[in-house]
Amino acid sequence: MAVYLTHSEEETAALGEKLAGDLSGGGVVAMFGGLGMGKTAFVRGMARVLTPDAAVTSPTFALVNAYGGHPPLYHFDMYRVGSWEDLYSTGFFDYLDQKSVLAIEWSENIENAIPAGSYLVEFERLGDSDRRITITKKTEEDVL
């Protein structure tokens with residue numbers, strides 16, 4: 001487990017860049033935290049490494065944004081996913097089978113579907129722009 005303190009949106013994005021350096025072969029980054037916590041800024045930082053020309057926006061209404069790159073970066077918003085049927089309708093499991101990077105906002109809603117080996121990124125608000133960001137890896141023992 002690693003704990004980081006960020007004091008601005010740019011510092012949060014820089015932390016996303018740092019994590020993206022470990023994702024050259026693909027992987028899942030499951031983000032937890034409420035509105036305005038910096039999840040999209042974190043993905044913006046990841047994209048700087050994985051697909052620098054991407055215009056990262058929250059996929060709130062589209063459910064998933066594809067940014068391209070090598071490996072491809074897919075940005076999910078699971079806010080409105082409330083059931084396994086909803087999750088299947090996003091195509092999430094098809095994306096897992098690719099050698100892609102999946103950045104998932106609102107992972108609280110699909111926690112049981114997050115595979116072992118995923119990065120779990122928890123955002124906690126400490127002040128207006130201060131965040132505590134905890135990054136762990138999900139192990140086989142964590143899978144239900």
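User: Where does Leu23 lie?

Analyst: Leu23 lies in the loop between α1 and β2, where helices (H or I, at least four residues) and strands (E, at least two) are DSSP runs numbered from the N terminus. This is a predicted model, in which local features need pLDDT of at least 70 and side-chain atom pairs count only at pLDDT 80 or more, while totals for chains, interfaces and linings use all residues. Residues are numbered from 1 along each chain as its sequence is written, and side-chain values use heavy atoms, with hydrogens and water left out.

User: Is Leu23 buried or exposed?

Analyst: Leu23 counts as buried because its relative accessibility is 1%; buried means under 20% relative accessible area, exposed over 50%, and partly exposed in between, with a 1.4 Å probe and protein chains only.

User: And what does Leu23 touch?

Analyst: Not counting residues up to four places away in sequence, Leu23 touches Val29, Met46, Leu50, Pro71, Val101 and Tyr119, contact being heavy atoms within 4.5 Å.

User: Switching to α1, which of its residues are buried?

Analyst: The buried residues of α1 are Thr12, Ala13, Leu15, Gly16, Leu19 and Ala20. They cover an arc of only 155° around the axis, so they lie on the same side of α1; the arc is that of the directions from the helix axis to the C-beta atoms.

User: What covers them?

Analyst: The cover over the buried residues of α1 includes β1 (2-6), β2 (27-32), α2, β6 (119-125) and β7 (131-137).

User: OK, pockets now: what volume does the largest pocket have?

Analyst: The largest pocket has a volume of about 300 Å³, that is, the space filled by probe spheres set on grid points joined across faces, edges and corners. On a 1 Å grid over the protein atoms alone, a pocket is an open set of points where a 1.4 Å probe fits, with protein on both sides within 12 Å along at least five of seven lines, and lining residues have an atom within 4 Å of a point.

User: Which residues lie nearest its centre?

Analyst: Of the 21 lining residues, Leu35, Gly36, Met37, Gly38 and Lys39 lie nearest the centre of the largest pocket. α1 (9-20) and α2 (39-50) each supply at least two residues of that lining, and α2 gives the most, with 3 residues.

User: One more, what about Ser100: which loop holds it?

Analyst: Ser100 lies in the loop between α4 (92-96) and β5 (101-105), and Ser100 counts as buried at 4% relative accessibility.
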